[in-house]
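Let's take a walk through this structure together. Have a look at it first, and then we'll go through it piece by piece.

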Amino acid sequence: MTFKFPLMAISLEVVMIVLFGLFVEYETPQNASQHNTSQQNASQQGNTSSSAEKDQFFQLYPLFQDVHVMIFVGFGFLMTFLKKYGFSGVGFNLFLAALGLQWGTIVQGLIHKLGQKFHFGIYNMINADFSTATVLISFGAVLGKTSPSQMLIMTILEIATFAGNEYLVTEIFKMASDTGASMTIHAFGAYFGLAVAGVLYRPGLRCKHPNEESVYHSDLFAMIGTLFLWIFWPSFNSAIADPGINQYRAIVNTYLSLAACVITAYALSSLVERRGRLDMVHIQNATLAGGVAVGTCADMEIPLYAAMTIGSIAGIISVLGYKFLSPLLANKLMIQDTCGVHNLHGLPGVLGGLASIVAVSWGKSTADCLILKIPVWNQPPDENCYDDSVSWKVPKIRELDNRFFQHVNHNHVEHEV
Amino acid sequence: MTFKFPLMAISLEVVMIVLFGLFVEYETPQNASQHNTSQQNASQQGNTSSSAEKDQFFQLYPLFQDVHVMIFVGFGFLMTFLKKYGFSGVGFNLFLAALGLQWGTIVQGLIHKLGQKFHFGIYNMINADFSTATVLISFGAVLGKTSPSQMLIMTILEIATFAGNEYLVTEIFKMASDTGASMTIHAFGAYFGLAVAGVLYRPGLRCKHPNEESVYHSDLFAMIGTLFLWIFWPSFNSAIADPGINQYRAIVNTYLSLAACVITAYALSSLVERRGRLDMVHIQNATLAGGVAVGTCADMEIPLYAAMTIGSIAGIISVLGYKFLSPLLANKLMIQDTCGVHNLHGLPGVLGGLASIVAVSWGKSTADCLILKIPVWNQPPDENCYDDSVSWKVPKIRELDNRFFQHVNHNHVEHEV
Amino acid sequence: MTFKFPLMAISLEVVMIVLFGLFVEYETPQNASQHNTSQQNASQQGNTSSSAEKDQFFQLYPLFQDVHVMIFVGFGFLMTFLKKYGFSGVGFNLFLAALGLQWGTIVQGLIHKLGQKFHFGIYNMINADFSTATVLISFGAVLGKTSPSQMLIMTILEIATFAGNEYLVTEIFKMASDTGASMTIHAFGAYFGLAVAGVLYRPGLRCKHPNEESVYHSDLFAMIGTLFLWIFWPSFNSAIADPGINQYRAIVNTYLSLAACVITAYALSSLVERRGRLDMVHIQNATLAGGVAVGTCADMEIPLYAAMTIGSIAGIISVLGYKFLSPLLANKLMIQDTCGVHNLHGLPGVLGGLASIVAVSWGKSTADCLILKIPVWNQPPDENCYDDSVSWKVPKIRELDNRFFQHVNHNHVEHEV
């Protein structure tokens, strides 16, 4: 592999530079006036300018940066959870995203401008990050099982497919707006990734691979990713919404859906695990399902409590998916989904598609069961204080680790005495 | 505990959804015109709208996101410093904050609107994060000693108390503005937490618990929290200040107070530790005391050097608190304050209250002692290069760790030979 | 050293407070009208106000916060890569930056206002962070080999030199704009640091010091720094550009240069390492060289593909520097550059200076070699799945670590049986 990957990468970068040279230009007041400025969502890929557009650039730049943090820090660190695959998780994420955003800019621009030159503005940058997200979701499904060259090919193919699909949905079929892109990004990325994982199925990995587990600190690194994804998801779902009231609604609905999702994800995780302990895999992933699921209808005028309901259901479905569906996928359908992207992006993405219909007809029929039971509070005994294992499943290696240090400690004390 | 926590959590989420259904609405131009728009700080919980309000939403959204990062990444990772309680630190922080912001929205909205429906805008989101901060501060005091169900109850009670207290202070007594909330958030959260820690006092934890210590990398995780809190604190103290000059002053005063606080916190830490080494506990916490202490008077027209003076004093007081007061609290007053929130939020919060009076009468009497001594620079000897322990107290386990690896190294080399 | 460092730090803080008391004032509409508002880039240190200036403050505040994250989280965590020097890396970074921004404000303000009082606005805050960046770059060169007191002196001297240099370049010689400061910040900081490293040369460190290496998780901590630097670099290069089209160009050119740089840095890293594996040192550093190199011409009207070309070349040069030049510097020129700042800031900074000339005369002659080879994709064998060492150089200690755990595991299983 010594020369294959570097040559592919450098060749691709040369191609990108050439394509940018041929097709991409600055957004300037001059070139702006030569075109009709089309305000609709669908043509964001295209050509929007004038000096008002310059203001728009700086208005949206903070939201773009939020999305950018999600793509590089969020997805990147979320994929560092494996004990021996952290460099690859965060490192290939950076590589694929940096490649994907160049390629996404080109493909999306060319499709929407029908092969003509186009101007490079804030919507191009946001949409490039979005196209990159599909690749990173799919990357999660095949994490640990592919070579850099394979990922590189996947990036090129998937982003082209995504751009074509997105063009069909918004421009040709004029279908339902999908602001937060539950379907076009999350479900698309998840099922694309699952398809690849299915194609690359390896009987040799049927029994759990010894490397396919976390250690204590790798799980904490993954939480960096989770938290930045969680915090900035309202920006993700609202960045390309129509300015004003729609963008406002996309923000608050996503915010509330995510908050509700955390509560149900924790509850379900505790419910399905032995002795009521929480599973870090659920916390790292299922707490985000609310952001995926509310995406499609985020900017619609659904009642606020509907957004919370969608988030609550997403949290429940996602944890159940991790617990019961993933083993089934692996054993019956021969699909090994390393990060469980089906449970984070696939199911909640489909839920988001359905929710845009259901949410409207949803009644106010949920006002029941308000009686709170008064529990005895389960205070941990003294000897278990400051120890995660009371409430959390902890990787075996960490426990070993500690038994070990006591062991070494004794030995060394003896040595030193 | 298998069913208690999940049932409580799900029931609470159902209650939240019902309450949002009954009381919370979108902010729209339509509903905006039905109400008087009250501009004062105190009524930010209420109903502010019109299309100008939509602009305000997007103007404040970046500041809200800064605060959001502080709540989830800042507080979350700050509490990962214990060697075996990192999952709980960052994980329960996420759970409590997600619950707290829903409950905070409801309680604060209902109190300020006297039980009527209210509209959900950017001030509600910022204030919800603020109410959550009180809980997370208190959480720090009882870290490692409470069950999830106990924390859940604490969240509900504390936020209700906070909202009532804040209403009394601003609406009934019309008391001094407390923009950065030194008193209403930080001192309140700290003393509430200390009260809970006092109630939950355990004689069994009197001798230092073996789990109550950090390891090398857990201290680095905590620094992620420290840095994001430090960076975004100017946004925290200015987010709900009056727009314009007051907001500007709140930003620059907090910025300067924090910068000054870092210098004195490092100096004092080095001064009180043996051989002049720095203590990571001080660095992680006392460097933030300047943000707490300057809060109350951040938006007042105090001279810039006064903000720096407040920060300098806060850094000194906080380190001294960690060194001398915390052991006293634990031994004499039977209050075991795990994170030392009294030194980070309690004392500096009270200092902030006092400072709003003192700062005004403060003279320009500090212009002395400008003579810099020329020291010999203490260059470390070669064998200590690249080693923290020259300048820092390092957890014993890390040291062990290394002795161990050398040990194993030798053994393995032998094995392999 | 017990008293030297604390006394120096506290004395310096007292001096800062006095200087702020004597020379620095709020920016207010009142004091604004007493001065001519000078709009040019060069006088940003000075006095810009009026209520329009208040708007500018809040427009630039998000960009300032991006830069702030780079300084404290970006540089801070980038310097945690050494296995036993992480506390110092991130901790001294915080101390030096907090001191540097106070001192930078004073020195830059006094120079530009010729010793008169000046007003403290958003440009002062951004430029203070910039002056701090030079110190942190130099800190990287001497990482692990200096005492806190030495660093403190370096901070004071270097920022004074930087401010003088910057004043000469922009005010006296009216030389080329250097928006992103390839030369005045990055090359300056790097060569200043190299000079210090040369002065402090130690024959005793000629053979590689046992502490001068990373462990698995310290490399992941460093990636936190890399990613935040990478994401927010467009804000760094555009923060003080002329508002409007120039600022827009600075953002998109930096963004594209960085994306291209990642691709070539990965390619070259794989090319120069044995068996095509990637080196984390290259990934952590060389991926950022594109941001340095494009700095000087970022806001010029260079074609977009030129920005990408600059980034591509920077990535290549930087990796080659790490591989071939750093050992040469250490052995022949007696300069031990711990972080390799010469390869990240020095070379790309000089490249940036050259690029501002070259970019203009650059033709469109790069449109060739579009033929993509169809490679066999190098799928890893089953037993290597989920293991970084297929594609990455992994610190020896991590590998040991795992061998060890298996070892302990066996022992303990025996013990328990």
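Predicted model: local features only at pLDDT ≥ 70, side-chain atom pairs only at ≥ 80, totals over all residues.

Start where chain A and chain C touch. The contact draws on 86 residues from chain A and 83 residues from chain C. Put together, the two chains bury about 7500 Å² between them, and carbon and sulfur atoms give 74% of that area. Three residues stand out on the chain A side: A:Tyr26, A:Lys84 and A:Phe87 supply 13% of what chain A buries against chain C, more than any other three residues.

What about charges and polar groups? Across this interface, the rule finds zero salt bridges. Polar contacts do turn up, though: 13 residue pairs between chain A and chain C, both partners at pLDDT 80 or more.

Now see which parts of chain A do the touching. Several elements each supply at least two residues, among them helix H1 (4-23), strand E1 (24-26) and helix H3 (50-78). The largest share comes from H1(A), with 16 residues. Sorted by class, this side of chain A has 51 nonpolar, 22 polar and 13 charged residues.

Last stop, the cysteines. A disulfide is a covalent bond between the sulfur atoms of two cysteines. How many are there over all chains? A search of the whole structure finds zero disulfides. As for where cysteines sit, A:Cys339 has 11% relative accessibility, which is under the 20% cut-off, so it counts as buried. C:Cys339 is buried too, with a relative accessible area of 11%.

How values were computed
Residues numbered from 1 in each chain as written. Chains lettered and ligands numbered in written order. Heavy atoms only, no water. Contact = heavy atoms within 4.5 Å. Buried area = accessible area lost by both parts, 1.4 Å probe. Salt bridge = Lys/Arg side-chain N within 4 Å of Asp/Glu carboxyl O. Polar contact = N/O pair within 3.5 Å; in protein donor to acceptor, adjacent residues only side chain to side chain. Helix = DSSP H or I, 4+ residues; strand = E, 2+ residues; numbered from the N terminus. Nonpolar A, V, L, I, M, F, W, Y, C, P; charged D, E, K, R; others polar. Disulfide = S-S within 2.5 Å. Buried < 20%, exposed > 50% of the residue type's maximum accessible area, 1.4 Å probe, protein only.
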